Amino acid sequence: MLALHREQDRRCRDRVPAPQSCTLAMAPGEKIKAKIKKNLPVTGPQAPTIKELMQWYCLNTNTHGCRRIVVSRGRLRRLLWILFTLTAVALIFWQCALLVFSFYTVSVSIKIHFQKLDFPAVTICNINPYKYSAVRDLLADLEQETRAALKTLYGFSETNSRKRREAEFRSLASGGTQPKFLNLVPLLIFHQDEIGKARDFLTGRKRKVSGSIIHKASDVMHVHESKEVVGFQLCSNDTSNCAVYTFSSGVNAIHEWYKLHYMNIMAQVPLEKKINMSYSAEELLVTCSFDGRSCDARNFTLFHHPMHGNCYTFNNRENETILSTSMGGSEYGLQVILYINEEEYNPFLVSSTGAKVIVHRQDEYPFIEDVGTEIETAMATSIGMHLTESFKLSEPYSQCTEDGSDVPIKNIYHAAYSLQICLHSCFQTKMVEKCGCAQYSQPLPAAANYCNYQQHPNWMYCYYQLHQAFVQEELGCQSVCREACSFKEWTLTTSLAQWPSAVSEKWLLPILTWDQGRQTHKKLNKTDLAKLLIFYKDLNQRSIVESPANSIEMLLSNFGGQLGLWMSCSVVCIIEIIEVFFIDSLSIVARHQWQKAKGWWARRQAPPNLGGQENPALQIDDDLPTFTSALRLPPAPGAQVPGTPPPRYNTLRLEKAFSNQLTDTQLPAES
């Protein structure tokens, strides 16, 4: 029995794991066990302070730099490891930031396909929109005043070599009517030495002019300064705001002045009447063939353009299925001979003869005035095509749009979305909002009318001011309109040859005159004809495709590479860092704050001190007693001390200290 008690005491003093034996030996005070547990070293997430938590992390983590900070001897070596570790962490953040910022980048791949290609839509227009014989009654007054302006400016009248115009000029000259268009928008001559004054074309008198002077040629390039420039003045409805538009050449000024009045006149003509005044498909097309097969006017669809009259589109989806070609070369494309009819040209509206052609998709609007290719008369124009398809990625990789549904501009063209359609639709919408009417050269929006003098007397001033703001990107159209994500583009290569040749002209023109005689009733000459050939140079289709340069898997792999390169770390290390630096650190801070709050609440709830004397016997020690301190406590009289007292050793003399030991704890006498 004595040996058993001695072994139990040794185990408890040496902290040998024997919980049950120690409990039996320390049964007189359960607080002793709690005190021993409190004094044990605490590590890991249960550390009492953040400093001890960080020390424990550096000793147990797999990142070598953090461990070297703790185990290194000497301040210099420890400082170097701190510097190396922080530099590695900074490099990791920098490289990972670059990876994130470069995530939304694209890689461009170019693919070449050799296959059977769909033939594009081809729209052909005569440069002269309406036959002069059909519109001369509408434009008679305007042309009379234009000739008077030319005579005043250059000192000569127009030479009329055509009999139909000689009779008209004599009748207009003898009319003696008051000029209407020159009074509405007078042509003026400005002298650089006379500021604020100009000479009127009609009267020759000088008049005062006010408003800003806008030189139409100086916006793009510098032109030589002249002492005299030609222009006109436009004012608002109340004539308080005016603008003077000058041109470097009188030809440009008169052409622009004539075009403004021409649009005003034609805007009041019904569409059906304008179609009848323009060229029919049978008049424009003399011969036609495609892919070696004959075609005629029935293979073309009418498209009326405000500034180019009747245009005709070949291979339009409205007629039949889309035609395709299986071979490259001029023999397998579209070949047409066009009748231009130069005698029916308006001398002041157009200054060149020929036709315009544009290649586009079947669902695309043909912008003849922007990207049309001109065809000369008495020439064979060969246009070779290369097809390129482009596919761009939409947001977040670029700002392109799939179909224009996310662009806040209404499409007034009723065709597939494109950047040009958006810009023109935006300008036309602004025109209706600001000026109250629509510009004549663009399609008419819903519930709107084209501008004219009768309903909108000063629409030209509003139009010029709005157009200037549009060019200077002040209307916001350029910032709202976006490029389409997918589109087709035909690269054109144009070549010219004299046609017909001198030897073939003798037999070719009579045959064409006989073929076209049912429509023209006149003898054709080569200046009235133009030959057009449009074909694929080869069947190589080039596709430009954008694809994401990165993926989530690749991004995570790059992150892991950077962590392993600079810190010898993995994803598990990142989880440990998050746990230690955020979860455990915050829990320690919260624990300290909670303990402070509990102490404050306990002090607040404690009863007030009444000033009595302290009783040493009732003092409660906050600190748990150890075994040694428990022996010094004075025993309470009549109290029962639980547990087993320590064994009685011969070498241990404590009789004097325990002279008043309780009877129930006394050992029986040895026999």
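This is a predicted model: local features need pLDDT of at least 70, side-chain atom pairs count only at pLDDT 80 or more; totals for chains, interfaces and linings use all residues.
Q: Why are C288 and C295 called a disulfide?
A: Their sulfur atoms are 1.7 Å apart. A disulfide needs two cysteine sulfur atoms within 2.5 Å, so the pair counts. The whole structure holds 7 disulfides.

Q: What makes the disulfide of C288 and C295 left-handed or right-handed?
A: The torsion about the S-S bond is about -80 degrees, so this disulfide is left-handed. Both C288 and C295 are buried.

Q: How do you know that C400 and C485 are joined?
A: The distance from S to S is 2.1 Å. The cut-off is 2.5 Å, so they form a disulfide. Their link is right-handed, with 95 degrees about the S-S bond.

Q: Why is the pair of C400 and C485 said to tie parts together?
A: C400 lies in the loop between strand 18 and helix 15, and C485 in the loop between helix 17 and strand 19, so the pair ties together parts that are 85 residues apart in sequence.

Q: Why is C400 called buried?
A: Its relative accessibility is 4%. Buried means under 20%, so C400 qualifies. C485, at 1%, counts as buried too.

Q: How do you know that C66 is in no disulfide?
A: The nearest cysteine sulfur, that of C58, is 5.1 Å away. A disulfide requires sulfur atoms within 2.5 Å, so C66 has no partner. C66 is buried, with a relative accessible area of 12%.

Q: Which residues does A297 contact, leaving aside neighbours within four places in sequence?
A: A297 is in contact with A281, E282 and L285. A297 lies in the loop between strand 11 and strand 12.

Technical notes. Residues are numbered from 1 along each chain as its sequence is written. Side-chain values use heavy atoms; hydrogens and water are left out. Helices (H or I, at least four residues) and strands (E, at least two) are DSSP runs, numbered from the N terminus. Contact means heavy atoms within 4.5 Å. Buried means under 20% relative accessible area, exposed over 50%, partly exposed in between (1.4 Å probe, protein chains only).
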